[in-house]
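Please find below a short note on this structure, written for a colleague who is meeting it for the first time.

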Amino acid sequence: MNKKLIFLGTLLIIIGIILAANDSLSYFGTSSYTGIITIPENNYCINNGITKLSDCILVMENYAETPEAAKTYIESKGEATTNQTAPTITFQEMSTEVSNTTNGVISTTAHFTLGKSYTFNATTGMFTLTNYNNNELSDEYIDYYTCGSTTGTYTSCTTMYQIKAYEKVESGSSTTYKVTWAIRYNSKVLESLDSEIGLYATTDDEGTSYFYRGAVENNYLSFAGYIWRIVRINGNGSIRLIYSGTSTSATGSATSIGTSQFNSKYFDPTYVGYKYHENFRLKDDPTQVNYTNISDNNIYYYSDSYSFNEDTRKFTLNGNKISGTWESVNQEAVASYPYTCLSTNENGTCDFLLRLKGYNSPTSAKVNYIAYSSVDYPSLLNNTNDSTIKGKIDSWYAANIQNKQDSDGVSYASYLSDEIFCNDRTFTSGDGYSISKTTIFSPYYRVLNQKKPSLSCTQQADKFTVGTEKGNGALTYPVGLITIDEAAFAGGVYLSANQEYYLYTGQTYWTMSPSHFNSSPTNAHAWYVTSTGYLNVSWVTPSRGVRPVVNLSSDILISGGDGTKNNPYTVALPNN
Amino acid sequence: MKKQKFLVSIITILLFFLILKESYAYFGVTKQSVSQSITTGKIIYDVIIDTNPNYIENNLAYFRVTVTNTKNGKTNPAPIKYQLTLQNDERSNGIFYYIDSEGNTSSETGEYLNTITSQEYIFSTKEESRVFKVYVKVPSGLKETVNFKINIKFKAL
């Protein structure tokens, strides 16, 4: 009996010790992990007999032995997730108190969009105003939030302000509102996941294109004395590059050749064109439009007749006139003085005239347009006049590529091939040419609505090339701009901040893609990349950065480098 | 006799719990080699090793090690102290340097070493994670495969 009890007692003590030991093990754990990593070799391509630049770009993706093996690897990655930024980013909201009594932290001579509250999206880094209106700044709006934009209704931004104090400065007929004290809200990157990085494959009009995506650091290339980032290998093996300044450490404005308007004119759909055609006719369009770009405190002029100058293509108010805010004179204006340029200058001219038909609100009117504007869609595509930005790019190209030679005295233009630059003016709604109808061009639908970019360019007139073999033959030089589809493939998303992908520079810059034509206010819009890396649309008239895009021929050789910041690729012409 | 039965019952219950606990610890181990994670009976944590071949900066290859105090939506209820040691495995010839997500580095002078031991890090009882970007070089400058091993010591505080 006692022996049994002693045995069981001993067993109990042993089990107790085991349990205690087990507990301490779990509190003092050690774990081991193993992994394998491949270290890249300097001059991998040259050392391994890979001489063509396009082949080298491919094999450097995974240090493959052959371009074919690299292609298999790249294609096995599947489609890029273009409804998300690359890399995927998680943002964290931050706030700082700021003051500037001299110029104001932000200021406007018009209205701010003011919200009682806001939301913050940690995936896009965007602040969005809620419960907002567009109004003059007053004491009522202390503690309200604003994106600080002074025109239109801007409710989303990457930097937002909570107004704490403001100053109203009156000078002559103009009033400036300065926010002198505010809480500034912006965000920082909390986490960035390189979920998609490197080369991905998709199709363009000539085959499979391999494009860079995400925070890649191995697509630097030195050519013609400038640094470029490789955007993609085109379907025919040529290599598309975007200008990136004179140093691999260039940022901001140093990554562009300067700034330019996309087009200096905006009031017809034709102005979304990289080249455009003005087959215009004086039209009194009966389509009624709700025109919303009226300032409620501006004193405008209204008249009972108008004239059109064929030479200047401008409208002027004639005959009897009245003036006043739209709210104060709307009944009299609609009844007897229906023509207006919405100009605060009695003798002001305009590109199109409004015929007032009715009152909606102090900032909106029922109107129809009298305009000298496009007659039809096919003639709009005739590509006869250079856009403002094309003029800027061509001048730069002539001086810096065409008329500049390498050490052998060969023009740098000899390195380039004539590839398609797509100014996609196909449309998904509207008619493509009327100013009284909103036209949605296909890039808007693909990138903003569907989030499915495409490298295909379907309309012959939109395929900008020098020769007529592949495209429209409307270019002077083989140089253009990046498309919004290429920016989306690279990792950009509409209204989703991304300061990590390789197309982020810290400066806004234009793309070649039309967005839409808005019937109210009448404005041609194009796509651009913002200073915080998200994709956005805007009127074609603001000045933004210009980053030329060229294509190296498919047979260009690599003469050195590995595409990294410290050692960008260098190129040579083939020996034959 | 009653005492005997009582003791046998106690032992049975203890054995049951002991077996249950061991099973829990072992079944918590998942994903070998590239990514492993463990949940022990007392410390909840997760370790992910990401060796994406595109992780190259200035021709330097790197991999990412993410350590968290959360697993399957559960966060360790007590603070954890942990420390990493990185070294070569299977006669590899790599030298290592890391920078963590707060900007701390394995060497203030940027020195690469064949074994590096991190400082001691602490996770609170809130959900936390820390990413280590580990750069790897080989003295030859040639393309080479490096097998590496990471030991992580955990201690619940």
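1. On a 1 Å grid over the protein atoms alone, a cavity is a set of points where a 1.4 Å probe fits but cannot get out, whereas a pocket is an open set with protein on both sides within 12 Å along at least five of seven lines; a lining residue has an atom within 4 Å of a point. Grid points are joined across faces, edges and corners, and a volume is the space filled by probe spheres set on the points. With these terms, a search of the whole structure gives 3 cavities of 30 Å³ or more.

2. Basis of the note. This is a predicted model, in which local features need pLDDT of at least 70 and side-chain atom pairs count only at pLDDT 80 or more, while totals for chains, interfaces and linings use all residues. Residues are numbered from 1 along each chain as its sequence is written, chains are lettered from A and ligands numbered from 1 in the order in which they are written, and side-chain values use heavy atoms, with hydrogens and water left out.

3. The largest cavity. This cavity holds about 200 Å³ of space, and among the 22 residues that line it, Arg232(A), Ile420(A), Cys422(A), Leu455(A) and Cys457(A) lie nearest its centre. Two or more lining residues come from each of β26 (421-422), α8 (442-450) and α9 (484-490) of chain A, where helices (H or I, at least four residues) and strands (E, at least two) are DSSP runs numbered from the N terminus. The lining consists of 6 nonpolar, 6 polar and 10 charged residues, with Ala, Val, Leu, Ile, Met, Phe, Trp, Tyr, Cys and Pro counted as nonpolar, Asp, Glu, Lys and Arg as charged, and the others, Gly among them, as polar.

4. The second largest cavity. Its volume is about 40 Å³, and its lining includes Val447(A), Lys451(A), Ala488(A) and Tyr494(A). By class, this lining has 5 nonpolar, 2 polar and 2 charged residues.

5. Helix α8(A). Which residues of α8(A) are buried? They are Ser442(A), Pro443(A), Tyr444(A), Arg446(A), Val447(A) and Leu448(A), where buried means under 20% relative accessible area, exposed over 50% and partly exposed in between (1.4 Å probe, protein chains only). These buried residues pack against β27 (427-429), β28 (439-441), α9, β30 (509-519), β31 (522-529) and β32 (535-539) of chain A, contact being heavy atoms within 4.5 Å. Lys451(A), which follows α8(A), has a positive phi, near 55 degrees.

6. A pocket with residues from chains A and B. The second largest pocket has a volume of about 1000 Å³, and of its 42 lining residues the closest to its centre are Ser192(A), Glu500(A), Glu57(B), Arg64(B) and Lys133(B). The lining divides into 14 nonpolar, 15 polar and 13 charged residues.

7. Nonpolar cores. A nonpolar core is a set of buried Ala, Val, Leu, Ile, Met, Phe, Trp, Tyr and Cys residues joined through side-chain atoms within 4.5 Å. The largest has 122 residues, of which Leu53(A), Leu221(A), Phe223(A), Trp228(A), Ile401(A) and Leu552(A) touch the most other members, and its largest share, 6 residues, comes from strand β24 (residues 364-374) of chain A. A second, separate core of 30 residues includes Ile116(B), Phe123(B), Val136(B) and Val138(B).

8. Disulfides. For Cys341(A) and Cys350(A), the torsion about the S-S bond is about -55 degrees, so the disulfide is left-handed.

9. The disulfide of Cys422(A) and Cys457(A). Their sulfur atoms are 2.1 Å apart, and the link is right-handed, with 80 degrees about the S-S bond. Cys422(A) lies in strand β26 and Cys457(A) in the loop between α8 and β29 (463-464) of chain A, so the pair ties together parts that are 35 residues apart in sequence. Cys422(A) counts as buried at 12% relative accessibility, as does Cys457(A) at 2%.

Terms used: Disulfide = S-S within 2.5 Å.
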